[in-house]
Amino acid sequence: MRSQQRSSRDRHWSEAARRKRLDALEHTTSVELPELGRRLETAETLQGQVENYVGVVRVPVGIAGPLLVHGAHATGRFQIPLATTEGTLVLAVSQGARAISAAGGAKVYAEAPRTSRAPLFVFPCAADARTAAQWAQGHIADLRSCVGTTTTHGRLVELEPWFIGRRLVLQFHFDTADAAGQNMVTLATDAACQWLRAQAPFANVESFSIETNVSHDKKLTATLGGRHRGRHVTAEVMIPRDVVKRYLRTTPEALARVAREGVYASAISGVVGAQAQFANVLAALLLATGQDVATIVESGTGLTVIETTAGGDLYASITIPSLILGTVGGGTRLPSQRECLSVLGCTGDGSAARLAEIAGGAVLAGELALVASLATDTFAQAHATYGRPRNGGPQ
């Protein structure tokens, strides 16, 4: 019976099954779909990537750079693949990258990954919830053994209890190594919770859920700056005044003023963080390298600092509190995405930290370019020139 079920499941991802679904879609919608009909991926290889597969949506990839980076894991000049349909984005990152490289490169720091899952246990009373939390923390070695049955890469770092009356949210924090780890931490936490629920302190649980919103998975929260999910990444550069003038066509003072006014506006409008376009750059890089793009919700925020130095030069830095990415699993297995990772030298052990540092440098480049366009009042002109089709009128 099991072999028959597996055979039926495998046929779901066959080319014949894809073609049948596509034909049915054309019939029910009365729309011809020649582009979706192109055989751009091998259907049988997409198990675990998509269900009810019918075709591929192609996104153009441009190369930005070269960008000079000095990090613990990424050192050298990098050509950065960005998958986007937003005209001016690749050009902007390239402009910022040239300025950074001419100044000697960006110094980038990426911390170890910390990805969490936060299950909920509802007890009869608050005292029971607190007793269970204390007991669980005292048995973390047993929980780590449970985690080890589901993954050879993930590691349970700590348990963090949150109390809401008689409710216990037990946040499991993991080091996910080179994986982004959303599925990894789900399966690992589920195994640990199955063991917990068989133990006496958890025997009287009235309700259980494998996840709550405490982990802020794909959510923007007010605690994002101080409690990271994924990798905490910072990048900085010191740019001499003459390099600012040559490559960004403005002055350190003008850049610092625009950035400062942006922080004021962010504060008064309630924006979480203060930055120009983290999401633009990161979404394009995540798409190109096979990441779960929905994580842009937490990855795409943070803080940009642009200021003048005592000597009249420019200092710029970005801080990404929660960068979610990986170089194994998920869409990183797909051929085009794997090639983009190879361009960055981000395949093999330890490559996720390298990718995170390159991403930090790319975000810094994008911030410098956008702020420079505002300082020189060329933002609208750039989009009018590069962000519209050349063969048509106003769009």
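Because the model is predicted, local features need pLDDT of at least 70 and side-chain atom pairs count only at pLDDT 80 or more, while totals for chains, interfaces and linings use all residues. Residues are numbered from 1 along each chain as its sequence is written, and side-chain values use heavy atoms, with hydrogens and water left out.

Taken along the principal axes, the C-alpha atoms of the protein fill a box of roughly 70 × 55 × 40 Å. The protein has 14 helices and 11 strands; these are DSSP runs numbered from the N terminus, with helices being H or I of at least four residues and strands being E of at least two. Of the 395 residues, 46% are buried, where buried means under 20% relative accessible area, exposed means over 50%, and partly exposed is in between (1.4 Å probe, protein chains only). The accessible surface comes to about 18,900 Å², and carbon and sulfur atoms hold 53% of that. Accessible areas come from the Shrake-Rupley method with a 1.4 Å probe, and for residues only the protein chains shown count as cover. As for contacts (heavy atoms within 4.5 Å), 73% of those with a separation of 6 or more join residues 24 or more positions apart.

Next come the empty spaces. Rolling a probe the size of a water molecule over the atoms shows where empty space is left. The search runs on a 1 Å grid over the protein atoms alone: a cavity is a set of points where a 1.4 Å probe fits but cannot get out, a pocket is an open set with protein on both sides within 12 Å along at least five of seven lines, and lining residues have an atom within 4 Å of a point. Grid points are joined across faces, edges and corners, and a volume is the space filled by probe spheres set on the points.

The largest pocket has a volume of about 1,200 Å³. It is lined by 44 residues, and the closest to its centre are Gln49, Gly290, Gly331, Leu334 and Gln337. Two or more lining residues come from each of helix H7 (182–196), helix H10 (278–288) and helix H12 (335–343), with H7 giving the largest share, four residues. Within H10, the buried residues include Phe278, Val281, Leu282 and Ala284, and Leu285, Leu286 and Ala288 are buried there too. H10 is followed by Gly290, which has a positive phi near 80°. Back in H7, where Gln182 is found, this residue is buried, with a relative accessible area of 12%. The C-alpha atoms of Gln182 and Arg19 are separated by 31 Å, the two being 163 residues apart along the chain.

One cavity of 30 Å³ or more turns up in a search of the whole structure, and about 30 Å³ of space lies in the largest cavity. Its lining is made by Pro113, Thr115, Thr176, Ala179, Ala180, Gly230, Arg231, Leu323, Ile324 and Leu325. Thr115 sits in strand E4 (residues 115–117) and counts as buried because its relative accessible area is 1%. Neighbours within four places in sequence aside, Thr115 is in contact with Phe172, His173, Phe174, Thr176, Ala180, Val185, Arg229 and Gly230.

Val59 is partly exposed, at a relative accessible area of 35%, and lies in the loop between helix H3 (34–37) and strand E1 (61–71).

The loop between H3 and E1 also holds Asn52, which has a positive phi of about 50° although it is not a glycine. In E1, where Pro66 is found, the peptide bond from Gly65 to Pro66 is cis, with omega near 0°. Thr88 is another non-glycine residue with a positive phi, of about 90°. The place of Thr88 is the loop between strand E2 (75–83) and helix H4 (89–102), and this residue counts as buried because its relative accessibility is 12%.
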